[in-house]
Each structure stands twice: as C-alpha cells, then as structure tokens.
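Take a look at it before reading on.

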Amino acid sequence: MKLFLSIVIGMIILSCKSQTKTDLLSLKPDSDISSIATQDKELKKDMDPNLGLASLTTKKLDGYAIGDVKLSTYDYPNGNLSDYSSLSIFVNSKEKSNYLGFNYSSVNQDETKAIIAYLKKTYSTYQQSDTKGSGESFFWDIPKLNAWIFTYQAISTDKNSKNFFSTNFILVKKGTRMENSTDPKVITIKDYYRMMYPDVVK
C-alpha cells in the first residue's frame, strides 16, 4: 500500500512539474534567469535583429505564458516556412542571463486576441493606433513592472494567398538601450519605437 501511494504521489509531482508555466510577465527585470536557460534545453543564444539585444530564443512554447494566457507551439496552417510562433527572452549580455524582457512573435490568431485582451484588461492605461485595416498597435508604460510593452501587427500571407496577422509582443525593462548599450548617447528601445510608430508611442 505504501509503495502504491509513493508511486501515485510521484506521478502527481511529475505531472505538476510538466504543467509548470513560466509567466513572462512575472519575471523581475535584472533577475538571474539562468535556471530557466538550464531547464529549457530548446533555448538558443541569439541576437534580436531589430533591437540588437542578446536573447535566448525558442519556438517550443508550451512551457511559457503571458499572464493567464498559456503559449503553445504553433505553425500557421498552410503557412510558409517562417510562419510559426517564437519567443526571444532578452538578457543583458551574451555572457550573462539577467532578464530584460521578451519578444513574443505570434501567428496564432486566437492566442493573439487573448493576449491583447488580457493586457488591456490588466493594464488599462495604454496608447493605441488606428487599425486602418492592417492591424493594431499598442504601447504600455507600466511602473509596476518597471517595463514598457509594445505590440504591433503586420499582415502575412499563406500559401493560398489568404491574409493573417503576425503579432509582436515586446516587453523591455524601462530605460533599456539598443544593443544592450550603457552609453547614454545610444537611444532607448522606447525612442526606437517612437520613431517607428509616432502615432502610438508619444
């Protein structure tokens, strides 16, 4: 009987561990996330091509969440080779793993709507652009998280020439500069998005 109970308890513990999610919004800026990098063997060292930030990147997403929205590994049906969701976790350098934020690039249409709804409900003060038929753009300045959140969409096309949205959710520690720079002459991520989306980021 004791052996049976031990087996059952062990199975429950393993089950709970397999369901554990890393909520990206709950991670503290500057915190050491090397344990996440160690546990998730799919994470690969990379560099964000637009922001120049060091990152840990994966398209295996089942262990992550944004708030109460669980992320899932996803390829767009009948999409092109590049039409899949991916996550880049920003860190302060190639050598260190201090958390600076993330870029979640999603082609999962339902998931995207759920994340936007969650962010709008949880952080009710934000700036938003006109959709104009090509997607929505949002900006949040959140003192509670010591972070900026930028969300923007673009139209992609599948193999049947049908359009769908590709959406980027970008969170960075407030004050973070391009290319992980500490030089005050280098623009911040907010300055960059203010230039890219002047109607959203004021």
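**Strands, a loop residue and confidence**

Q: In which sense do strand β8 and β9 pair, and over how many bridges?
A: Helices (H or I, at least four residues) and strands (E, at least two) are DSSP runs, numbered from the N terminus. Two strands pair if DSSP finds at least two bridges between them. Strand β8 covers residues 127–128. Its pairing with β9 is antiparallel, over two bridges.

Q: What may be read from this model, and what is the average pLDDT of the chain?
A: This is a predicted model: local features need pLDDT of at least 70, side-chain atom pairs count only at pLDDT 80 or more, and totals for chains, interfaces and linings use all residues. Residues are numbered from 1 along each chain as its sequence is written, and side-chain values use heavy atoms, with hydrogens and water left out. pLDDT is the predictor's confidence in each residue, from 0 to 100. In the chain, 90% of the residues score at least 70, and the average is 89.

Q: Why is strand β9 largely enclosed by the rest of the structure?
A: Buried means under 20% relative accessible area, exposed over 50%, partly exposed in between (1.4 Å probe, protein chains only). Strand β9 covers residues 137–142. It is largely enclosed because five of its six residues are buried.

Q: Which residue in the turn between β9 and β10 has a positive phi?
A: Six bridges join β9 to β10 (residues 147–157), and the two run antiparallel. Trp140 stands opposite Ile149 in β10. The two strands form a hairpin with four residues between them. The phi of about 55 degrees belongs to Asn146.

Q: Which residue in β4 is the bridge partner of Asp23?
A: An open sheet of three strands has the order β1-β4-β5, with mixed pairing. β1 (22–23) is one of its edge strands. Two bridges join β1 to β4 (residues 64–66), and these run parallel. The partner of Asp23 is Ala65.

Q: Which backbone nitrogen does the side chain of Asn108 reach?
A: Asn108 lies in the loop between β7 (99–106) and α3 (109–122). It is buried, at 12% relative accessible area. Its side chain reaches, at 3.4 Å, the backbone nitrogen of Asp110.

Methods. Polar contact = N/O pair within 3.5 Å; in protein donor to acceptor, adjacent residues only side chain to side chain.
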